[in-house]
Structures are given as C-alpha cells and as structure tokens.
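Please consult the sequence and the structure shown here alongside the text.

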Amino acid sequence: MKSTERTMSAIAAYYYMNNRAPSIRDVANLSGLSKSWAHECVTRLWFAKRIKYKPSENRSIEIVPHD
C-alpha cells in the first residue's frame, strides 16, 4: 500500500476511533510512518484535495467526501 493510502487510512481510522481530527503525530503512529514522512503525505493529500488541512492549526485534518 502506498504511503499516501496508509496515511488516508490512518486518518479515517483515527476519526472512527476518537471522533475528532488526528494530529500529524497520531497519523504517524497509526500508519507506521515517521512523523516527517506522515507530514509529507498529509501535504500531498491536501494538494490532491483529498483532505482539508490548515498547517498552522493543530488537529485540522478533515476528509473531503468524494463523488
């Protein structure tokens, strides 16, 4: 599984388990990626418009529903 897909799965799993947005550290822990690589994957997902993300805010990751 690609790192971005692992990251997306980790974000969804965290939402399901905790009913709130994950931090980058949470995403890294759930996906098994380093914190820096998890941040890179979150940024890639953000540019691909698969998530909403405000880098200056904690726990601001939101999954964008797809059509």
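Just after helix α3, K49 takes a positive phi of about 65°. The model is predicted, so local features need pLDDT of at least 70 and side-chain atom pairs count only at pLDDT 80 or more, while totals for chains, interfaces and linings use all residues. Residues are numbered from 1 along each chain as its sequence is written, and side-chain values use heavy atoms, with hydrogens and water left out.

**Overall fold**

The protein chain comprises three helices and two strands, in the order α-α-α-β-β from the N terminus. Helices (H or I, at least four residues) and strands (E, at least two) are DSSP runs, numbered from the N terminus. The radius of gyration of the chain, taken over C-alpha atoms, is 10 Å, close to the 11 Å that the globule rule gives for 67 residues, so the chain is as compact as a globular protein of that length. That rule is 2.2 Å times the number of residues to the power 0.38. Along the principal axes, the C-alpha atoms fill a box of roughly 30 × 25 × 25 Å. Buried residues (under 20% relative accessible area, 1.4 Å probe, protein chains only) make up 36% of the 67 residues.

**Helix α3 and its cover**

Helix α3 (residues 35-47) has 13 residues and reaches 18 Å from its first C-alpha to its last, close to the 18 Å expected at 1.5 Å a residue. The expected span is 1.5 Å times one less than the number of residues. Within α3, A38, C41, V42, T43 and L45 are buried, and their cover includes α1 (3-18), α2 (24-31) and β1 (51-52).

The table gives their accessibility and their contacts (heavy atoms within 4.5 Å), leaving aside neighbours within four places in sequence.

| Residue | Relative accessible area | Contacts |
|---|---|---|
| T7 | 0% | V27, S31, L33, A38, C41, V42 and L45 |
| T4 | 16% | C41, R44 and L45 |

**Packing of α1 against α2**

The axes of α1 and α2 come within 9 Å and cross at roughly 110°, which makes α1 roughly perpendicular to α2. Axes are lines fitted to C-alpha atoms, for helices over the stretch in contact, and angles run from 0 to 180 degrees between N-to-C directions; 65 to 115 degrees counts as roughly perpendicular. R6, T7, A10, I11, Y14 and M17 of α1 meet D26, V27, L30 and S31 of α2 in this contact.

Methods:
Buried < 20%, exposed > 50% of the residue type's maximum accessible area, 1.4 Å probe, protein only. Parallel < 35°, antiparallel > 145°, perpendicular 65-115°, else oblique.
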